[in-house]
Protein chains: 2
Amino acid sequence: MPASMDLAAHIRNVPDFPKPGIQFKDITSLLLVPDAFAHVIDTFKARYTAQPIDAIVGIDARGFIFGSALSYAMHLPFVPARKHGKLPGKTIEESFELEYGTDRVAIHDDALHAGQRVLILDDLLATGGTALAVARLIQRLGAEVVEAAFVVELPPLNGRKKLEGIPVHSLVEFMVD
Amino acid sequence: MPASMDLAAHIRNVPDFPKPGIQFKDITSLLLVPDAFAHVIDTFKARYTAQPIDAIVGIDARGFIFGSALSYAMHLPFVPARKHGKLPGKTIEESFELEYGTDRVAIHDDALHAGQRVLILDDLLATGGTALAVARLIQRLGAEVVEAAFVVELPPLNGRKKLEGIPVHSLVEFMVD
């Protein structure tokens with residue numbers, strides 16, 4: 001396990017983004033500090049070496065940043081989960097709720113296979129809708145969701161409750177909604 | 001320098017995506033093969049250790065996959081370049097041409113500083129319009145574009161010509177448009 005670090009200090013708060021009243025937790029400031037980014041990746045690597053996984057699914061687009069670096073560090077397959085229409089070739093899709101209406105997320109139907117132990121990785125857990133849809137996609141391919149991991153979690157938005165039955169892990173919590 | 005590998009064999013051709021007549025070069029198949037993904041990252045790492053860089057700018061969204069893993073491998077800052085409206089906080093923007101109309105790409109105005117040697121990284125060089133706009137953003141912040149690097153290049157689309165004055169490097173070429 002890497003030595004401890006105050007990761008929260010490297011995450012910038014951007015008020016009123018993407019709309020008035022939202023306190024946006026911006027991980028791009030953390031990416032500018034190689035020690036902080038390495039700390040995130042190495043901490044996840046230690047956790048998922050102890051609790052083995054076979055593949056990593058990163059959620060478009062900030063989940064790609066952490067998921068692909070972790071895949072490289074752990075020498076594991078990386079699978080991108082993307083919005084409807086973005087992935088070429090054959091996909092399976094699940095809908096998830098937005099504030100107004102629904103959207104769809106997809107993965108390639110040949111990206112995972114039955115019995116694989118899979119980690120879901122994204123930058124931030126808010127309401128958990130997208131991560132839940134991604135978990136269902138993984139399960140539809142017969143693979144197991146070992147855990148859904150996030151750099152940042154916003155506990156007031158109850159993402160853990162929405163992801164009930166799926167283990168959730170996060171590195172930093174902010175008590176804002 | 002890592003041993004040689006037939007990277008082209010790991011890149012899937014998807015006909016008629018995103019529209020009829022296009023032969024889409026899909027790097028997600030490469031991401032499923034850890035030896036191939038590691039080969040890409042380690043090859044870039046060797047090149048930009050010999051020709052030093054201070055930061056990596058990855059282009060939304062597949063450029064994040066390669067750019068962030070390389071940033072982790074090289075212990076360098078990672079800067080995401082994203083479409084208009086996606087980055088929180090203060091940004092600078094450049095327009096680029098699409099087949100019909102224009103779009104805008106942005107980076108944070110505090111992500112780079114004068115004198116830094118910067119690598120642009122994306123999965124694929126086609127017409128080069130987005131990469132050129134990203135190069136201009138980097139130069140507007142006073143930083144130097146050392147090179148624009150791509151996993152795949154489609155020479156018939158003349159991206160190198162569009163990027164005139166900026167060194168271009170790619171690992172695999174496909175002679176399709």
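**Two copies, one shared surface**

The copies meet through the same surface, because 97% of the interface residues of chain B are also interface residues in chain A. This is a predicted model. In it, 39 residues of chain B are in contact with 38 residues of chain A.

Next, the interface itself. Chain B and chain A bury about 3100 Å² between them, and carbon and sulfur atoms give 68% of this area. Leu32(B), Tyr72(B) and Pro88(B) supply 21% of what chain B buries against chain A, more than any other three residues.

Polar groups also take part. There are 15 residue pairs in polar contact between chain B and chain A. The count of salt bridges between the chains is two. Arg12(A) and Asp110(B) meet in a salt bridge through their side chains, at 3.3 Å from N to O. H3(B) gives the largest share of the side of chain B that touches chain A, eight residues.

Helix H3 of chain A spans residues 62-74 and includes Ser71(A). Ser71(A) counts as buried because its relative accessibility is 1%, under the 20% cut-off.

Finally, the core. The largest nonpolar core has 68 residues, and Phe66(A) and Phe66(B) touch the most other members. Beyond four places in sequence, Phe66(A) touches residues including Ile27(A), Leu30(A), Phe37(A), Leu121(A) and Val151(A).

Terms used: Residues are numbered from 1 along each chain as its sequence is written. Chains are lettered from A and ligands numbered from 1 in the order in which they are written. This is a predicted model: local features need pLDDT of at least 70, side-chain atom pairs count only at pLDDT 80 or more; totals for chains, interfaces and linings use all residues. Side-chain values use heavy atoms; hydrogens and water are left out. A nonpolar core is a set of buried Ala, Val, Leu, Ile, Met, Phe, Trp, Tyr and Cys residues joined through side-chain atoms within 4.5 Å. Buried means under 20% relative accessible area, exposed over 50%, partly exposed in between (1.4 Å probe, protein chains only). Contact means heavy atoms within 4.5 Å. Helices (H or I, at least four residues) and strands (E, at least two) are DSSP runs, numbered from the N terminus. Buried area is the accessible area (1.4 Å probe) that two parts lose on being put together, summed over both. A salt bridge is a side-chain nitrogen of Lys or Arg within 4 Å of a carboxyl oxygen of Asp or Glu. A polar contact is a pair of N or O atoms within 3.5 Å; within protein, one must be able to donate a hydrogen and the other to accept it, and residues adjacent in sequence count only if both atoms are side-chain atoms.
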